[in-house]
Amino acid sequence: MTAKKAPARAAAPAPAKSAASTARSAAAQAKAPARRGSAAKTPATARKAKATPAKKATPAASTAPAGEPELVQLLTPEGVRVPHPEYDRWVEDITPEELRGFYRDMVLTRRFDAEATSLQRQGELGLWPSLLGQEAAQIGSGRALRPDDYVFPTYREHGVAWCRGVDPTLLLGMFRGANNGGWDPTSNNFHLYTIVIGSQALHATGYAMGIGLDGADSAVVAYFGDGASSQGDVAEAFTFSAVYNAPTLFFCQNNQWAISEPTERQTRVPLYQRARGYGFPGVRVDGNDVLAVLAVTRAALAHIRSGQGPMLVEAFTYRMGAHTTSDDPTRYRADDERQSWEAKDPIERLRAHLLAEGLADEAFFASLEEESEAMGRSVREAIRAMPDPDRLAIFENAYADGSSLVDEERAQFEEYQASFADVSAGEGE
């Protein structure tokens, strides 16, 4: 099949404004002033598909040891800013206020995540997938997006949801069983969480193909993990996006473990190199470096908007906690592995940089800590105020025109539920 050329794209809209969530978020250690603008800035004019190809967003220099895969990094684990010949230009306009904003994003996202984990342990949620350790990968990429871009997440993109302006408490409804997804995807261009592993990559590709046919210069982002990269759906999405030159950014958060399976059992080459076999570029970025993730995502989006087709970003990070609250990671990985990654903590890395450069003071961190506590309280209050779902609603959404089998199952379930009411009535007599 011959790849179709993407239509020429229109001028890019003005830079996106911050999508700070309306809910008060709580987090690790401090509070920043309200953010005025998003870090997502794009070229003023989109390049034509047939124009001279722009520089590909591939790393020009490796920060990895000899023989290791290239890794784009702008902040060391100690918070020291290091130059990069290819990606410095994508963050040269970042202000101290924006850096403090990224720190606030990560801190509040982590606090929300910790609160949700605690609520699950208290029986308020049926399950919770933690993002602990992956905050930089999500905030850095989320803040690079424009409002007209569309996101297809998995079930762990709490930080990206925060960047898109989704109220954090709405994320809890599905895991409490109160709804099947508590937000309107079209309001924030953020699709509902996807539990089926890898399927959202195909959804994103189809949507991106439609955008290409419309002639828009928006981009579509498909988030997935290292485990999902082994799914057939992801392989098919790679093929279709490449063949149809779709404006798809495949963003893989390689957190080293697909539940209990390490990455080396998923692939024999670095994940970002898989893109080459499908005919489009890939790049590996330090997923614990919010500045590097922002730069690489911006560069990848510019590549996509210029009509050059899809791109794969592998954010090399680590899942600090369990896969979900039903998982026990101590059964399959060593403590020293986690400890080595704790030294690369994305929040502590940016905190060290802010302090070393004099970009934040103790008043900032103290204020954020207060905001963090307030968010924790608001999340607890919100979830406990959620009404119980209608137990029979599930039968209403099975078939558009009804079904005799579903009617029979509904009647059986109603009878079953009524038996509990009879028992409690008898006990009260």
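Guide: Strands, labelled S, are DSSP runs of at least two residues, and helices, labelled H, are runs of at least four; both are numbered from the N terminus. The model before us is predicted.

Visitor: Is Asp-286 buried or exposed?

Guide: A residue counts as buried when its relative accessible area is under 20%. Asp-286 has a value of 5%, so it is buried.

Visitor: With which residues is Asp-286 in contact, leaving aside its neighbours within four places in sequence?

Guide: Asp-286 touches Leu-71, Val-72, Gln-73 and Leu-75, and also Val-293, Phe-316 and Arg-349.

Visitor: How many residues of the contact of H6 with H7 are nonpolar, polar and charged?

Guide: There are 6 nonpolar, 3 polar and 2 charged residues in the contact of H6 with H7.

Visitor: At what angle do helix H1 and helix H2 cross?

Guide: Helix H1 (residues 96-121) and helix H2 (residues 135-142) cross at roughly 130 degrees, and their axes come within 10 Å. The angle therefore makes H1 oblique to H2. Here the crossing is right-handed. Phe-102, Asp-105, Met-106, Thr-109 and Arg-110 of H1 meet Glu-135, Ala-136 and Ile-139 of H2. By class, this contact of H1 with H2 holds 4 nonpolar, 1 polar and 3 charged residues.

Visitor: What are the angle and the axis distance for H1 and helix H12?

Guide: H1 and helix H12 (residues 362-384) pack at about 35 degrees, and their axes are 9 Å apart. H1 passes H12 in a right-handed crossing. The residues of H1 that take part include Tyr-103, Val-107, Leu-108 and Phe-112, and those of H12 include Phe-364, Phe-365, Leu-368 and Met-375. The contact of H1 with H12 divides into 11 nonpolar, 2 polar and 8 charged residues.

Visitor: Several of those residues carry aromatic rings. How many aromatic pairs does a search of the whole structure find?

Guide: The search finds 26 aromatic pairs. In one of them, the ring centres of Tyr-318 and Trp-341 are 5.3 Å apart and the planes stand at 10 degrees, so this pair is stacked. The pair links distant parts of the chain, as its members are 23 residues apart: Tyr-318 is in the loop between strand S7 (311-316) and helix H10 (335-342), and Trp-341 is in H10. Tyr-318 is buried, at 1% relative accessible area, and Trp-341 also counts as buried, at 10%.

Visitor: How do the rings of Phe-364 and Phe-365 pair?

Guide: That pair is edge-to-face, with 5.1 Å from centre to centre and 65 degrees between the planes. Phe-364 has a relative accessible area of 7%, so it is buried; Phe-365 is buried as well, at 2%.

Visitor: Which residues form one aromatic cluster?

Guide: Phe-112, Trp-128, Phe-175, Trp-183, Phe-190 and Tyr-193 form one such cluster. Phe-112 is also among the residues of H1 that meet H12.

Visitor: Finally, how should I read the backbone angle phi?

Guide: Most residues other than glycine have a negative phi. Asn-189 has a positive value, near 50 degrees. Asn-189 is located in the loop between helix H5 (185-188) and H6, and at 16% relative accessibility it counts as buried.

Visitor: What is the phi of Ile-259, and where is this residue found?

Guide: The phi of Ile-259 is near 55 degrees, again a positive value in a residue other than glycine. Ile-259 is found in the loop between strand S4 (257-258) and strand S5 (261-262). With a relative accessible area of 41%, Ile-259 is partly exposed.

Terms used: Residues are numbered from 1 along each chain as its sequence is written. This is a predicted model: local features need pLDDT of at least 70, side-chain atom pairs count only at pLDDT 80 or more; totals for chains, interfaces and linings use all residues. Side-chain values use heavy atoms; hydrogens and water are left out. Ala, Val, Leu, Ile, Met, Phe, Trp, Tyr, Cys and Pro count as nonpolar, Asp, Glu, Lys and Arg as charged, and the others, Gly among them, as polar. Rings of Phe, Tyr and Trp (its six-membered ring) pair if their centres lie within 6.5 Å; planes under 30 degrees apart count as stacked, over 60 as edge-to-face and the rest as tilted. Buried means under 20% relative accessible area, exposed over 50%, partly exposed in between (1.4 Å probe, protein chains only). Contact means heavy atoms within 4.5 Å. Axes are lines fitted to C-alpha atoms, for helices over the stretch in contact, and angles run from 0 to 180 degrees between N-to-C directions. Angles under 35 degrees count as roughly parallel, over 145 as roughly antiparallel, 65 to 115 as roughly perpendicular and the rest as oblique. A crossing is left-handed if the near helix is turned anticlockwise from the far one by less than a right angle, and right-handed if clockwise.
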